[in-house]
Each structure stands twice: as C-alpha cells, then as structure tokens.
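Colleague: Can you take me through this one? I would like to start with the overall layout and then go to single residues.

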Amino acid sequence: MPVLNGLGDCEQHINDAVESFAGKRPVLEPMLRAFGNILREKSRLAAQLAAGKPYDLAVDPSRLSRGVPLLAGVSLEPLQEQLNVSFNAMLNVLRKTFSDLDEELSRLEICYRERKLDFVNLSRAYLETDPRVLSETARSLMVSEGVLGMVVGVLLAPVLEVVALSYAEQVHQARWLKGFCPVCGSMPSISYLGESGEQASEFLTGGGGQKYLHCSMCGCEWRTKRNMCPACENEDKDRRVYFQTEDDPAERIDVCTECGAYLPCMDFRESVLRPPLEIAAVGMVHLDAWACEKGYHPLANTLWNQVR
Ligand SMILES: [Zn+2]
Ligand SMILES: [Zn+2]
C-alpha cells in the first residue's frame with residue numbers, strides 16, 4: 001500500500017472520479033467540477049515542482065521517532081521560489097473557480113506584484129495555525145482573513161506534496177502513530193480502509209483491513225489504529241461511532257463523541273480502482289453536512305467543507 005497517493009493524480013484519473021461521483025450525486029456536480037479543476041492544476045504543479053530544482057530544507061527524519069513532524073520549526077525560506085510559482089498558478093485557477101472572490105483575489109495579485117506578500121512567513125503561520133500573522137496581514141492588505149488563508153493553504157499544498165513524496169519511505173519506516181501528519185503536522189481530511197498488509201499488533205486488523213489517514217495539506221498518507229480518534233486519541237469504542245447512508249456503504253463518516261471531531265472514511269477493501277481522495281471527500285460532502293448539523297466539527301478545515 002503506498003504511503004502517498006502518488007504525486008499528482010493524473011488528469012484522466014481525476015476526470016473519471018469527478019464523472020463517477022457526479023453521476024451518483026448530480027446535486028454535487030458543480031462542486032465536483034470546480035474542485036476537479038483545482039486538483040488538476042495542483043497535481044500538474046506538483047509534478048512540475050518535483051521535476052525542478054531540488055528542495056534544500058533542513059529536515060531531520062530521525063525526529064519522526066520522537067513524534068515530531070518533519071517540517072516542525074524548519075525554515076521554509078528555501079521554498080520561496082516554489083511558493084511564488086505556486087501562487088501564480090493556483091491564483092489563476094481560484095479566480096476561474098470562485099468568480100465571486102475575484103475582487104479580493106485581484107487585490108492579492110496586486111499586493112504580490114508590489115512585493116507585499118511574504119509567502120514564507122504566511123506559510124509558516126498557516127502550518128502553525130497562528131491566526132495572528134494571517135489576520136494582521138489580511139488587515140494591512142485590506143482583504144478578508146478567510147480569503148488570504150484559503151490562498152495560502154492552496155498555494156502551499158502542491159509545494160509540500162513534493163516534500164511528502166520525497167520522505168515517503170522514511171515516514172513508512174517510522175511507524176508513525178499520531179493523528180496529525182508526520183510531514184507537515186496538519187490534520188487529515190479523510191481516511192480510508194485498505195487491504196490488510198503487513199501485520200503489527202498496534203494496528204487492529206481483525207479481518208477489517210487497515211486504516212490510513214490522508215493529510216489535508218501535503219497528501220501524505222500513514223497507517224493508523226482502526227479505532228483511534230486522530231484528534232484526541234480516544235480509543236473507547238463506545239465513544240466512537242460511524243454513520244453511512246444506504247446508497248453507498250463504502251462511504252461513511254467516523255465521529256468521536258468524546259471531542260466532537262468527525263472524519264470521512266472510504267472503504268477501499270473491495271475496490272479495484274481508488275479515486276483521488278480529495279475528489280472522494282468532495283463527493284461525500286453530504287456526510288459532512290449531516291455531521292455539522294448534528295453539532296460535530298471537521299478534523300481539518302478544507303476548501304470543500306468550508307464553502308457549503
Ligand atoms: Zn501533511
Ligand atoms: Zn476525539
């Protein structure tokens with residue numbers, strides 16, 4: 001089982017998944033097409049960056065054994081050029097996708113040309129979920145904090161996808177058991193069940209396959225305990241429940257009644273082909289809506305669970 005969802009899901013794979021979910025839930029078709037556009041560009045860009053200049057980050061993989069994500073506290077300064085390239089590419093697709101945000105996105109483009117946007121600093125603040133830097137920057141640039149945060153998250157993702165790919169083997173070897181990402185420290189946006197592979201006592205297999213988490217930011221994937229809440233590490237089965245609809249039992253949402261966090265989960269044990277997880281997550285957004293109505297909150301804020 002790969003640790004990473006392959007660098008850059010290929011265009012046909014994304015298109016097929018969009019068509020498949022849109023066919024199943026026509027009401028979600030505009031949303032699926034919009035996020036399909038973003039994912040295609042993100043994948044293209046990640047492949048371009050991976051083929052370009054090697055990243056020169058001061059990463060120490062031995063920290064994984066102490067439960068420290070690879071990029072925690074590491075300077076993102078060497079990624080300046082890649083972040084700028086990503087901003088230009090991703091801004092274009094965001095403008096086409098979210099036309100009602102055009103004014104604010106244009107404003108950000110002007111600020112970028114005037115060298116008022118420090119993506120290294122903003123990316124670090126984003127990863128450390130430090131709202132102060134984002135809110136102060138948004139105020140000084142006269143854009144909303146929500147739009148600035150969205151743009152920083154979107155431009156950072158393909159850049160970090162390349163980091164995740166280059167350390168995939170070290171992450172796999174480290175047997176990471178935390179609920180947050182071993183590469184960038186972000187929370188997962190979706191999980192999935194896969195076939196049981198290598199056996200290990202800490203991973204409950206019990207004929208139910210193994211569970212993997214997918215990082216909401218860099219796309220890194222790592223194996224987790226089947227019944228553990230990634231947010232609060234609660235493993236009490238009486239305080240872990242899941243819900244699914246009758247139309248597709250392979251899609252469900254896991255809820256922790258201890259901390260109130262939820263996470264969509266796809267069961268791929270019977271699947272030959274697996275859709276790109278971000279498209280799958282958009283295709284399951286009706287389950288997000290259900291969980292939010294019940295008062296639960298997502299583990300990670302994503303474009304699709306915020307735009308509802
Ligand atoms: Zn990550
Ligand atoms: Zn929890």
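Predicted model: local features only at pLDDT ≥ 70, side-chain atom pairs only at ≥ 80, totals over all residues.

Colleague: How is the chain divided?

Modeller: Into domain 1, residues 11-166, and domain 2, residues 174-306. Their C-alpha centres lie 22 Å apart. The contact between them takes 28 residues from domain 1 and 25 residues from domain 2.

Colleague: Which helices supply the side of domain 1 that touches domain 2?

Modeller: Helix 1 (11-24), helix 2 (29-51) and helix 7 (145-166) each supply at least two residues there. Helix 7 has the largest share, with seven residues.

Colleague: And by class, what is on that side of domain 1?

Modeller: There are 21 nonpolar, five polar and two charged residues on the side of domain 1 that touches domain 2.

Colleague: Back to helix 7. How many residues does helix 7 have, and how far does it reach?

Modeller: Helix 7 has 22 residues, and from first C-alpha to last it reaches 32 Å, close to the 32 Å expected.

Colleague: Where does helix 7 bend?

Modeller: At Ala157, by about 35 degrees. A proline, Pro158, follows within four residues.

Colleague: Why call helix 7 largely enclosed?

Modeller: Because 18 of its 22 residues are buried, helix 7 is largely enclosed by the rest of the structure.

Colleague: What about the core? How many residues are in the largest nonpolar one?

Modeller: The largest nonpolar core has 88 residues. Those with the most contacts inside it include Phe35, Leu155, Leu160 and Ile279. Helix 7 gives the most to this core, 14 residues. At least three residues of the core come from each of domain 1 and domain 2. As background, nonpolar side chains tend to be buried together in soluble globular proteins.

Colleague: What is Phe35 in contact with?

Modeller: Leaving aside neighbours within four places in sequence, Phe35 is in contact with Glu278, Ile279, Val282, Leu303 and Trp304.

Colleague: Next, Leu277. Where does it lie, and is it buried or exposed?

Modeller: Leu277 lies in helix 9, residues 277-283. Leu277 is buried, because 24 other C-beta atoms are within 10 Å and the cut-off is 20 or more. Leu277 and Ser191 are 86 residues apart in sequence, and their C-alpha atoms are 8.5 Å apart in space.

Colleague: Where is Trp176 found?

Modeller: In the loop between helix 8 (168-174) and strand 1 (188-194). Trp176 has 23 C-beta neighbours inside 10 Å, so it counts as buried.

Colleague: What is Trp176 in contact with, beyond its neighbours within four places in sequence?

Modeller: Leu64, Val171, Pro182 and Trp222. Trp176 and Trp222 are 46 residues apart along the chain, with their C-alpha atoms separated by 7.1 Å.

Colleague: Change of topic. What follows helix 4?

Modeller: Helix 4 is followed by Arg115, whose phi is positive, near 60 degrees. Helix 4 itself covers residues 102-113, 12 residues, and reaches 16 Å from first C-alpha to last, close to the 16 Å expected.

Colleague: What about Glu233, what is its phi?

Modeller: Near 65 degrees, a positive value in a residue other than glycine. Glu233 is in the loop between strand 3 (221-224) and strand 4 (240-243). Glu233 counts as partly exposed, because it has 14 C-beta neighbours inside 10 Å.

Colleague: Last one, helix 3. Which of its residues are buried?

Modeller: Gln82, Leu83, Ser86, Phe87, Met90 and Leu94. The buried residues of helix 3 pack against helix 2, helix 4, helix 5 and helix 7.

Colleague: How does the span of helix 3 compare with what it should be?

Modeller: The 18 residues of helix 3 (residues 80-97) should span 26 Å, and the end C-alpha atoms are 25 Å apart, which agrees.

Note on methods. Residues numbered from 1 in each chain as written. Chains lettered and ligands numbered in written order. Expected span 1.5 Å × (residues − 1). Domains from an automatic or database assignment. Contact = placed C-beta atoms within 7 Å. Nonpolar A, V, L, I, M, F, W, Y, C, P; charged D, E, K, R; others polar. Buried ≥ 20, exposed ≤ 12 C-beta atoms within 10 Å, placed from the backbone. Bend = angle between axes of the 7 residues up to and from the residue. Core = buried A, V, L, I, M, F, W, Y, C linked by C-beta atoms within 7 Å.
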